[in-house]
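The following briefing is intended for a reader who has the coordinates at hand.

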Amino acid sequence: MNAEYRGIDFEDRMSTVDFRLSERAHISVDAAVCRSCTAQVCVHACPAKLFVPTSDGGILFNYEQCFECGTCYEVCDAEGAITWTYPDGGHGVVFRQG
């Protein structure tokens, strides 16, 4: 962890971030592929905790507070489960300073 963030709780860190939503989701999740995945690594790897397992073995996903790190796409080994692109220009995460 970056030393700058030690001692600062998650909510305080998130208060410095804005998300400009695009109508087009920059991540899509194939529910059928995810339902057959037993590892669901994305649930544990996403730093924003945007992947939530459902009781039927599926995954709920919300792109609205995505940090755009691409971790979900990198750790997923189920072909076709996650499609990831950058948000449209002018949208996505914005880090505020000061």
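**Overview of the chain**

Of the 98 residues of the protein chain, 27% count as buried. The model under discussion is a predicted one. The chain comprises 4 helices and 6 strands, and from the N terminus on these elements follow the order α-β-β-α-α-β-β-α-β-β. The points below are grouped by topic.

**Dimensions, surface and charge**

- The C-alpha trace of the protein chain spans about 45 × 30 × 20 Å along its principal axes.
- When contacts between residues at least 6 apart in sequence are considered, 63% of them join residues at least 24 apart.

**Nonpolar core**

- The largest nonpolar core contains 14 residues. The residues with the most contacts inside this core are Ile27, Cys42, Leu50, Phe51, Ile59, Cys72 and Ile82.
- Helix α3 (41–45) and strand β5 (82–84) each contribute at least two residues to this core.
- Leu50 belongs to the core residues listed above. With residues up to four places away in sequence set aside, Leu50 touches Leu60, Phe61, Asn62, Gln65 and Cys66.

**Salt bridges**

- The structure holds 2 salt bridges.
- One of them is formed by Asp88 and Arg24, whose closest N and O atoms are 2.8 Å apart. This pair links distant parts of the chain, 64 residues apart: Asp88 is in the loop between β5 and β6 (92–95), and Arg24 is in the loop between β1 (17–20) and β2 (27–29).
- Both partners of this pair have intermediate accessibility values: Asp88 is partly exposed at a relative accessible area of 30%, and Arg24 is partly exposed at 35%.
- The side chains of Asp56 and Arg35 also meet in a salt bridge, with an N to O distance of 3.5 Å. Asp56 lies in the loop between β3 (51–53) and β4 (59–61) and Arg35 in helix α2 (residues 31–35), so this pair ties together parts that are 21 residues apart in sequence.
- Asp56 has a relative accessibility of 47% and therefore counts as partly exposed. Arg35 counts as partly exposed as well, at 42% relative accessibility.

**Residues with positive phi**

- Gln40 has a phi near 45 degrees, a positive value in a residue other than glycine. Gln40 is located in the loop between α2 and α3.
- Is Gln40 buried or exposed? Gln40 has a relative accessible area of 14%, and because buried means under 20%, Gln40 is buried.
- Residues touched by Gln40, not counting those up to four places away in sequence, are Cys34, Pro53, Gly57, Gly58 and Ile59.
- Lys49 also has a positive phi, near 55 degrees, and is a residue other than glycine. Lys49 is found in the loop between α3 and β3.
- The relative accessible area of Lys49 is 64%, and because exposed means over 50%, Lys49 is exposed.

- Ala32 is placed in helix α2 and counts as exposed at 54% relative accessibility.
- Ala32 and Gly57 are 25 residues apart in sequence, and their C-alpha atoms are 9.8 Å apart in space.
- Ala81 is placed in the loop between α4 (71–75) and β5. Ala81 is buried, with a relative accessible area of 2%.
- Which residues are in contact with Ala81, leaving aside its neighbours within four places in sequence? They are Ser28, Val29, Asp30, Val33, Cys34 and Cys76.
- Ala81 and Ile8 are 73 residues apart in sequence, and the C-alpha to C-alpha distance between Ala81 and Ile8 is 34 Å.

Definitions and conventions: Residues are numbered from 1 along each chain as its sequence is written. This is a predicted model: local features need pLDDT of at least 70, side-chain atom pairs count only at pLDDT 80 or more; totals for chains, interfaces and linings use all residues. Side-chain values use heavy atoms; hydrogens and water are left out. A nonpolar core is a set of buried Ala, Val, Leu, Ile, Met, Phe, Trp, Tyr and Cys residues joined through side-chain atoms within 4.5 Å. Buried means under 20% relative accessible area, exposed over 50%, partly exposed in between (1.4 Å probe, protein chains only). Contact means heavy atoms within 4.5 Å. A salt bridge is a side-chain nitrogen of Lys or Arg within 4 Å of a carboxyl oxygen of Asp or Glu.
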